[in-house]
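Student: I would like a close look at one part of this model, and then its wider setting. Please keep it brisk.

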Amino acid sequence: MSGWLIAEDRFEEQDIAHLGNEYLSGNGFMGVRGTLDEYKKEQMVSINLAGVYDKHEDKWRESVNAPNPLYTFVMHQNEVYSVPDKEPVIHSQSLDFRNAIHKRVTTFRAKPGNITIESERFVSMDNRHVIGLAFSVRTDFDGEITLYTGIDSDVWDINGPHFINKQLYEKDGILLASCITGEKKINVVTAEGVLSKIPSDMEVVCRDDKILRKFSFDARANQTYIIEKVAFIDWSERGVSQTECVNKLQKALQLGYDELKARHIEAWDRIWDISEVRIDGDDEANMALNYSIYHLNCIAPRFSESMSIPARGLSGQVYKGAIFWDTEMFMFDYFLYTQPKIARTLIKYRIETLDGARKKAASYGFKGAFFAWESQEGGIDACSDFNVTDVFTGRPMRTYFKDKQVHVTSAIVYALKKYIKNTKDNQILYEGGYELLLESALFYKSILVRRDESELYEIHDVVGPDEYHERVNNNAYTNRMARFVFDTAVEIFVKLRNTDPAEFGRLNQRYDLVNLIPKLEKIKGSLYLQKPSGEEQIIEQFDGYFKLEEVDIETLRTRLLHEKEYWGGALGVATHTRIIKQADVVTMLCMFPDDYSAEIMKKNWDFYEPRTEHGSSLSACMYSLLACRTGNPDAAYPFFLTSAKADLKKGGKQWAGNIYIGGTHPASAGGAWMVAVFGFAGLKVKNNGLAVEGSLPENIKGIEFKVIFRNQLYLVRVGHDKSEIKKI
Ligand code: BGC
């Protein structure tokens, strides 16, 4: 691992799943796992499509994988030379994440000598439908080689199969797999064309859900035989025109592999021009952070006006390909400050899913918008009532993520407010932003409760960010975020009354704003908020948290009966203790840094950190950010690295009970960016402009990056002694 390159220098079968994530390529339209050419569904190959979902029978609704056009392997004397079945003598896999180029080189030992296969591929950032692959084979002996390459439509599914109908055929030299999903009859088409430099006839064969080209040739020792492939992938609910696919693919083939690759690299250059962060004095941090930024760009919905990013990016069907609060709270800022158009697209997705959120609220007897915990298209909540399986009984466990994580709505308002503040793009409010804000406020208003003798409103029976403690009252984070929603609604609608009476009138007709605003104003001042208490000035995470058992994490671990057992829920080992899954009060303090003094924030950091399992990849960055804000950048640093390296580290948390939860961690990646920019560099919006207040760890000499604020590009440089922000 160095500079812009990550690499493996040997083959380890147990790393296949992890490397699929670590070496992912993507362009926001699709994510292609970092798997090898010969891999099949058993090795978790996935060409994961953004925004395409399907439900098979009564299984979990999840995102859909397209047929794989990269499938390629070689044979010699009726033996297949491919991993994992054959042990290679030399193997390497690498990703140049500056240019988003994936490579592998593998040498196998055959009877007469060595066979080396080599491949290079890219998922075009220039043309969202295109993937390029250059594959070569070389032997150090003279002998016959057969190379198969084509489309594998027997795709990996967690809750599939999703294709009820598949057609595999050849048309004008192009191979096609046209598939129809079961639920919505979405047509997914993979087309594949080849520029062959192999002196051989080609035969098309169809078997096992695969359509393949077969090249058989007499290889000469030490000569390299190359094929270049271009694939074109598309989908549509209305049906994809296969003729159009073939035409477009043929055009791409005419441009040639090198030209397609050059255009792809140029498109990435444009991204890096604004996105690169330079960390001086710490190559590891520099590399890990830019690697995180690479991942965020692989999954950014840059080809749509309204779309969002799943919690596991486009690395497969884990978490059902659904969108969580991760996007708004952890990934949003990176896009807001570097590609505000994408930030807009993320907000528009929530506006478009408002209807789903209204329905969800109504289904619980609430008003307004209760956004999906695991959101799919149209705001469908994919979260099941039984999101974890008990490892002991194999029975699904009732979890309350969907019903009780009411904080998701506030995350969206938090992002909307920031978006308007940073871009001054008030137009988004007229495109549904006002409704989103109002419906969010109405939702929180409708879940408030008040005890008989109390003046204060409370929020009961929720799950905060710490999912190990379900159905708690007055979760500090949830209540503070709800307060933020009320504050924002009052601020924006009071302003609207003065600036645009016509729009105010329109909304008033529907929402009775004239009477609603004073009500919201009253509520916001009477919402109960957990406050620092006692000598220690600790903010209680929820009512009764302090009464829970005090135990350290290591002791708790010794109580586990099974390594994959779930720590929360009714019988979880953490449930009755103060051990929490992830940053909760600390996340709140990060979001509202002006609420309390640095001293109080630090006391809370010191209290909660040893009690946090960091069982979610969303946790470390919040601890890191708060450590910077309380003047402890050296304490922040290891948490920053944990965040930035979430997808580089082998063997992360892969299971929740019996459910596979591996995949990429874009929230961690976004969190790492937040720490670098808002933490180490201390960037903030102040007096309608940008300011920095560096908080650099000792080993970092300086940090440099670009940001966009109100349509203006800035260069920011922060060192230990000197900082500057200049317009460029
Ligand atoms: C975390 C949630 C998060 C989800 C998706 C869970 O483990 O507790 O906060 O939204 O993963 O990343």
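Student: Which residues does S200 touch, not counting residues up to four places away in sequence?

Tutor: S200 touches F215, S216 and F217, where contact means heavy atoms within 4.5 Å. First, the ground rules. The model is predicted, so local features need pLDDT of at least 70 and side-chain atom pairs pLDDT 80 or more, while totals for chains, interfaces and linings use all residues. Numbering runs from 1 along each chain as its sequence is written, and side-chain values use heavy atoms, without hydrogens and water.

S200 sits in the loop between β15 (187-196) and β16 (202-207). Strands here are DSSP E runs of at least two residues, helices are H or I runs of at least four, and both are numbered from the N terminus. The S200 side chain reaches the backbone oxygen of S216 at 3.2 Å. That is a polar contact: N or O atoms within 3.5 Å, one able to donate a hydrogen and the other to accept it, with residues adjacent in sequence counted only if both atoms are side-chain atoms.

Now the strands. β13 (residues 163-171) and β14 (residues 174-181) pair in the antiparallel sense over 8 bridges; pairing takes at least two DSSP bridges. Q167 stands opposite S178 in β14. The two strands, β13 and β14, form a hairpin with 2 residues between them. In that turn, D172 has a positive phi of about 50 degrees.

An open antiparallel sheet of 4 strands runs in the order β2-β3-β4-β5. Its edges are β2 (25-26) and β5 (62-65), each pairing on one side only. β4 (residues 47-54) joins β5 over 3 bridges, antiparallel. N48 has N65 in β5 as its bridge partner.

Next, the overall division. Domain 1 covers 5-273 and domain 2 covers 276-727, with bounds from an automatic or database domain assignment. Their contact takes 45 residues from domain 1 and 42 residues from domain 2. The C-alpha centres of the two domains lie 36 Å apart.
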